[in-house]
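Subject: Structure handover

Hi,

Here is the structure I promised to pass on. Have it open while you read, and my notes follow below.

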Amino acid sequence: MTMNLELIAAQDHQADDEHVLALANDADPREVSLGGVKRVDLHFPKFADGRAFSQAFLLRRRLGFAGEIRATGEVLVDQLVQMERLGFSSAVLRADQDRADALRQFERYAAFYQGDAVNVHPFFKKAA
């Protein structure tokens, strides 16, 4: 599995852009206008709150959003593989999270039998 998720250090994240939509984690992505939006920032207020995972899936699979979906907030290393599978294209690591540990997660979980939001076909249906 090739990692496609861009990892961003907390100090390098910039949220103020006219083409960025910061979506509250209790908002329904189906109820917002995505016209002109190039990036959607989805917020994880705490580790145990996974509503942004559902929002990413809705944006990518149901709404066909092709722009960047960025994870912000309490983004921990052990969430990254699932984030990528659900459609996130970038993640702002919490300041205390180690980038090298994050990269090892993608080595640890190199392939999946099931399809996901990005690769919809299960492993047995993929071309060799």
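Predicted model: local features only at pLDDT ≥ 70, side-chain atom pairs only at ≥ 80, totals over all residues.

One definition before anything else: rings of Phe, Tyr and Trp (its six-membered ring) count as a pair if their centres lie within 6.5 Å, with planes under 30 degrees apart called stacked, over 60 edge-to-face and the rest tilted. With that rule, Phe44, Phe53 and Phe88 form one aromatic cluster.

Residues are numbered from 1 along each chain as its sequence is written, and side-chain values use heavy atoms, with hydrogens and water left out.

**The overall layout**

The protein has three helices and five strands. Helices (H or I, at least four residues) and strands (E, at least two) are DSSP runs, numbered from the N terminus. Going along the sequence, the pattern reads β-β-β-α-β-α-β-α. Of the 128 residues, 37% are buried; here buried means under 20% relative accessible area, exposed over 50% and partly exposed in between (1.4 Å probe, protein chains only). A contact means heavy atoms within 4.5 Å. Among contacts between residues at least 6 apart in sequence, 61% join residues at least 24 apart.

**The sheet**

The five strands make an open sheet, ordered β1-β5-β4-β3-β2, with parallel pairing. Two strands are taken to pair if DSSP finds at least two bridges between them. At the edges sit β1 (6-8) and β2, each pairing on one side only. From one strand to the next, the twist averages 20°. Axes here are lines fitted to C-alpha atoms, for helices over the stretch in contact, and angles run from 0 to 180 degrees between N-to-C directions.

If you look at β3, you'll find that five of its six residues are buried, so this strand is largely enclosed by the rest of the structure. On one pairing, β3 is joined to β4 by six bridges; Val40 has Ile69 of β4 as its bridge partner, and His43 has Thr72. On another, four bridges join β2 to β3, and Ala22 stands opposite Asp41 in β3.

**Helix α1**

Where does α1 pack? On the sheet, where it touches β2, β3 and β4, and its direction makes about 160° with that of β3. Its buried residues are Ala52, Phe53, Gln55, Ala56, Leu58, Leu59 and Arg60, and these pack against β2, β3, β4 and α2. The length of α1 checks out too: at 1.5 Å a residue, its twelve residues should span 16 Å, and its end C-alpha atoms are 16 Å apart, which agrees. (The expected span is 1.5 Å times one less than the number of residues.) Just after α1, Gly64 takes a positive phi of about 65°.

**The core and the aromatic cluster**

A nonpolar core is a set of buried Ala, Val, Leu, Ile, Met, Phe, Trp, Tyr and Cys residues joined through side-chain atoms within 4.5 Å. The largest one has 23 residues, and Leu42, Phe44, Val75, Leu80, Met83 and Phe88 touch the most other members. At least two residues come from each of β3 (39-44), α1 (51-62), β4 (68-73) and α2 (80-85), and α1 gives the most, with four.

Back to the aromatics. Searching the whole structure turns up three aromatic pairs. The rings of Phe44 and Phe88 have centres 5.9 Å apart and planes at 40°, so this pair is tilted. Phe44 is in strand β3 and Phe88 in the loop between α2 and β5 (90-92), so the pair ties together parts that are 44 residues apart in sequence. Both are buried, Phe44 at a relative accessible area of 0% and Phe88 at 3%. The rings of Phe53 and Phe88 have centres 6.4 Å apart and planes at 90°, so that pair is edge-to-face. Since Phe53 lies in helix α1, the pair ties together parts that are 35 residues apart in sequence. Phe53 is buried as well, at 18%.

Lys38 lies in the loop between β2 (20-23) and β3. Is Lys38 buried or exposed? Exposed, with a relative accessible area of 55%. Leaving aside neighbours within four places in sequence, Lys38 is in contact with His19, Phe65, Gly67 and Glu68. Its C-alpha atom is separated by 9.1 Å from that of Glu18, which is 20 residues away along the chain.

Cheers
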